[in-house]
Amino acid sequence: MAATSAGLVESLEQQMTEEFQVLNTTPSQFSFKNYLVYKNALSKITEHSTVFKPMLASISSTYNSEITSLYVTNTKSDYDQDQEQQLIQAEETIDTLGSRVKQLKATLVSLDAENLSLTE
């Protein structure tokens, strides 16, 4: 059994190294992609464990729930910030257009006055 465990660990280490290379990241960086690499590795360890399987499954489930909750919260926060920025830009555009409308109305009044004086 120890040889099988050692082989599993070696295989997982190799697979994780390859996945980090494909993702162009390092294990020390925190990212959702890295989380998925570790999640898959823990899942494989849990599958092959007999003694620790229930405990590992419980830890994995709790960990996955917390990470997913944080990811959803952060994603929503990023979305909210983007929406807020778009709203600010829209308000600035409306203000700019409002100023331009006032300028054009003033110009129109001036042109109407000039036209009236020319027709008299």
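**Close-up views of helix α2 and its surroundings**

View 1. Helix α2 spans residues 32-48, 17 residues in all, and extends 25 Å from first to last C-alpha, close to the 24 Å expected at 1.5 Å a residue (1.5 Å times one less than the number of residues). Helices are DSSP runs of H or I with at least four residues, numbered from the N terminus. Within α2, N34, Y35, V37, A41 and T46 are buried (under 20% relative accessible area, with a 1.4 Å probe and protein chains only).

**View 2. The largest nonpolar core.** Six residues form this core: L8, L12, M16, F20, V37 and A41. A nonpolar core is a set of buried Ala, Val, Leu, Ile, Met, Phe, Trp, Tyr and Cys residues joined through side-chain atoms within 4.5 Å. Helices α1 (2-22) and α2 each contribute at least two residues to the core, and the largest share, four residues, comes from α1. Apart from neighbours within four places in sequence, L12 is in contact with A41, K44 and I45 (heavy atoms within 4.5 Å).

**View 3. A nonpolar surface patch.** F32, L36, Y71 and V72 make a nonpolar surface patch of about 340 Å². Such patches join nonpolar side chains (Val, Leu, Ile, Met, Phe, Trp, Tyr) within 5 Å, from residues with over 30% relative accessible area and no salt bridge (a side-chain nitrogen of Lys or Arg within 4 Å of a carboxyl oxygen of Asp or Glu). Areas come from the Shrake-Rupley method with a 1.4 Å probe. Two or more patch residues come from each of α2 and α3 (53-119). L36, in helix α2, is partly exposed, with a relative accessible area of 34% (between 20% and 50%).

**Basis of the views.** Residues are numbered from 1 along each chain as its sequence is written, and side-chain values use heavy atoms, without hydrogens or water. In this predicted model, local features need pLDDT of at least 70 and side-chain atom pairs count only at pLDDT 80 or more, whereas totals for chains, interfaces and linings use all residues.

Definitions and conventions. Patch = residues over 30% accessible without salt bridge, like charges linked within 9 Å, V, L, I, M, F, W, Y side chains within 5 Å.
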